[in-house]
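Please look through the structure shown here before reading on.

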Amino acid sequence: MARHPTPGPGNSLMSWPDAKHPLRVAFNYAFIVAARHSPSLRLKNWLLGRIGVDVGSGVSWGLESTPDVFWPELVTVEDDAIIGYDATLLCHEFLQDEYRTGEVHIGERAMIGAGAILLPGVTVGAEAQVAANSLVTEDVPPGETWAGVPAEPVDSSSSDGV
């Protein structure tokens, strides 16, 4: 994760135009809004690819799913992954004295559940699953299922399930 000190007084969000040009953010936002509302998976993948998201073949984005608006070029979604309805992939976080950026990587055939939030610097391994409404703060190893706030591994032998 890269750390960027806040320039000048105030919190880092007050200085966001110093971090990313406002026209670039507006352009990204327009493409993301169009992708979020489009029922066409092909159009979603095309729109998100135009703003720098690395989108593999066969990727499915649920309605309202949102890649990072400031740094979409830090998002990679590998082949046949599913990003569920209203999931959010964040590559930045604005804090008091700094902002941080980090890549978000979704592995091949991984599944991100509806409403899940992935924080900067997180990798979800191939064929891993993140349950709906989970908050992912650390890497999810390949093939594992994680759930909760914050997300933790789900014991496949328990009767709780996801």
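Two strands are said to pair if DSSP finds at least two bridges between them. The model discussed here is a predicted one, and the protein has three helices and 17 strands.

**Strands β14, β16 and β17**

With that definition in hand, strand β14, which covers residues 129-130, can be described as pairing with strand β16, residues 145-148, in the parallel sense over two bridges. Within this pairing, V130 has W146 of β16 as its bridge partner. W146 also has a bridge partner in β17, namely P153. A hairpin of two residues leads from β16 to β17.

Strands of a sheet pair through backbone hydrogen bonds, and they do so in either a parallel or an antiparallel manner. Strand β12, made of residues 117-118, pairs with β15 in the parallel sense over two bridges, and L118 has V136 in β15 as its bridge partner.

The strand pairs described above can be set side by side as follows.

| Strand pair | Sense | Bridges |
|---|---|---|
| β12 and β15 | parallel | two |
| β14 and β16 | parallel | two |

**Helices α2 and α3**

Two packed helices are described by the angle between their axes and by the distance between those axes. For helix α2 (residues 22-37) and helix α3 (residues 41-50), the axes come within 9 Å and cross at roughly 165°. Since angles over 145 degrees count as roughly antiparallel, α2 and α3 are therefore roughly antiparallel to each other. The crossing in which α2 passes α3 is left-handed.

Which residues of α2 and α3 meet? From α2 they are F31, I32, A34, A35 and R36, and from α3 they are K44, W46, L47, L48 and R50. Sorted by class, this contact of α2 with α3 has seven nonpolar residues, three charged residues and no polar ones.

**Overall dimensions**

The C-alpha trace of the protein spans about 50 × 35 × 20 Å along its principal axes. A compact globule with 162 residues would have a radius of gyration near 15 Å, and the protein has 16 Å, which agrees.

Methods:
Residues are numbered from 1 along each chain as its sequence is written. This is a predicted model: local features need pLDDT of at least 70, side-chain atom pairs count only at pLDDT 80 or more; totals for chains, interfaces and linings use all residues. Side-chain values use heavy atoms; hydrogens and water are left out. Axes are lines fitted to C-alpha atoms, for helices over the stretch in contact, and angles run from 0 to 180 degrees between N-to-C directions. Helices (H or I, at least four residues) and strands (E, at least two) are DSSP runs, numbered from the N terminus. Angles under 35 degrees count as roughly parallel, over 145 as roughly antiparallel, 65 to 115 as roughly perpendicular and the rest as oblique. A crossing is left-handed if the near helix is turned anticlockwise from the far one by less than a right angle, and right-handed if clockwise. Contact means heavy atoms within 4.5 Å. Ala, Val, Leu, Ile, Met, Phe, Trp, Tyr, Cys and Pro count as nonpolar, Asp, Glu, Lys and Arg as charged, and the others, Gly among them, as polar. The radius of gyration is taken over C-alpha atoms; the globule rule is 2.2 Å times the number of residues to the power 0.38.
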